[in-house]
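Colleague: Hi, I'm new to this one. Could you walk me through a few parts of it?
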Amino acid sequence: TPLKHLGYKSVVVNLSDIYAMNAQPTQIIVSIAISNRFSVEALDELYEGIYAACREYKVDLVGGDTTSSQKGLFINVTAIGEVAPDKYVRRNTANVNDLICVSGYLGGAYLGLLLLEREKQIYLETKGVQPDLENRDYILGRLLKPEARKEVVEFFENVSLQPTSMLDISDGLSSEILHICKQSEVGAVVYEDKIPVRDEAKEFAYKLEIDPTACALSGGEEYELLFTIAQSDYEKIIDVEGISVIGYVTEASEGACLISRGGNKHLLTAQGLNAFSK
């Protein structure tokens with residue numbers, strides 16, 4: 001990951017958490033610990049990315065701390081935002097019969113990671129070989145320069161739509177659905193053929209002989225918004241490009257399941273990142 005991209009991404013992934021509460025980010029605090037193997041120029045490059053994200057999302061960098069580390073680079077970002085008390089959206093307030101929706105497309109970031117890992121391995125095994133990124137700008141961009149979905153939150157405001165629950169997709173779609181189900185004490189039905197995966201991502205997944213749906217369910221690092229809405233709000237999103245209804249909320253006793261294209265039912269499992277697993 002180029003350091004400028006890393007700085008940008010470090011900010012964006014934290015702003016995404018603010019948007020996922022239906023709030024607007026206003027400030028960030030950035031603390032870093034850096035070893036002596038990083039040059040001053042490298043640090044400047046990192047902060048170029050941080051400042052670029054601040055400009056893009058109109059947030060202020062208001063403080064932080066810089067210190068040394070024995071090895072590597074550590075980045076800690078705190079994002080601060082604001083929201084009216086009656087507009088704040090949690091992840092534990094989904095209701096039975098709500099519709100499950102997602103913004104954008106899924107699976108691309110994971111495929112971008114697979115591409116970079118493949119080319120790195122080839123480079124290590126054959127010195128001097130330049131990476132062949134195959135003009136895969138879409139999947140590489142999804143990994144290296146993700147964007148927080150501020151325009152989705154602005155859309156909610158414009159059409160007077162308040163999700164009943166919401167969070168961003170950092171650990172994979174299945175993990176995030178299960179988070180909402182656990183926190184809200186509900187179940188879910190998700191339809192495989194409704195999960196949005198862009199054609200470029202599908203084509204590369206098939207080239208690698210992996211299932212695009214698996215990439216969407218477990219890949220993570222998407223920073224799209226997963227949210228539930230009341231059925232009465234369906235008309236507000238039915239014709240909106242970039243928002244997909246992928247299922248509905250059920251009673252907790254029914255569990256969380258995926259209906260395949262063939263009509264078979266499978267239990268959803270959290271195969272994405274678990275930061276606390278051994």
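Modeller: Happy to; we'll look at a strand and its partners, then a helix. Keep in mind that this is a predicted model.

Colleague: Let's start with β1. How many bridges join β1 to β4?
Modeller: Ten bridges link β1, residues 24–34, with β4, residues 73–82, and the two strands run antiparallel.

Colleague: What about β3, how many bridges join it to β1?
Modeller: Three bridges, with β3 (residues 66–68) running parallel to β1. Ile34 is paired there with Ser68.

Colleague: Switching topic: how many residues does helix α6 have?
Modeller: Twelve, residues 173–184, and α6 reaches 16 Å from first C-alpha to last, close to the 16 Å expected.

Colleague: Which residues of α6 are buried?
Modeller: They are Leu173, Ser174, Ser175, Glu176, Ile177, Ile180, Cys181 and Ser184.

Colleague: What covers them?
Modeller: The cover includes strands β6 (165–168), β7 (186–191), β8 (225–229), β9 (243–251) and β10 (256–259), along with helix α8 (212–218).

Colleague: Which residue takes a positive phi just after α6?
Modeller: That's Glu185, with a phi of about 60°.

Notes
Residues numbered from 1 in each chain as written. Predicted model: local features only at pLDDT ≥ 70, side-chain atom pairs only at ≥ 80, totals over all residues. Heavy atoms only, no water. Helix = DSSP H or I, 4+ residues; strand = E, 2+ residues; numbered from the N terminus. Expected span 1.5 Å × (residues − 1). Buried < 20%, exposed > 50% of the residue type's maximum accessible area, 1.4 Å probe, protein only. Contact = heavy atoms within 4.5 Å. Pairing = 2+ DSSP bridges.
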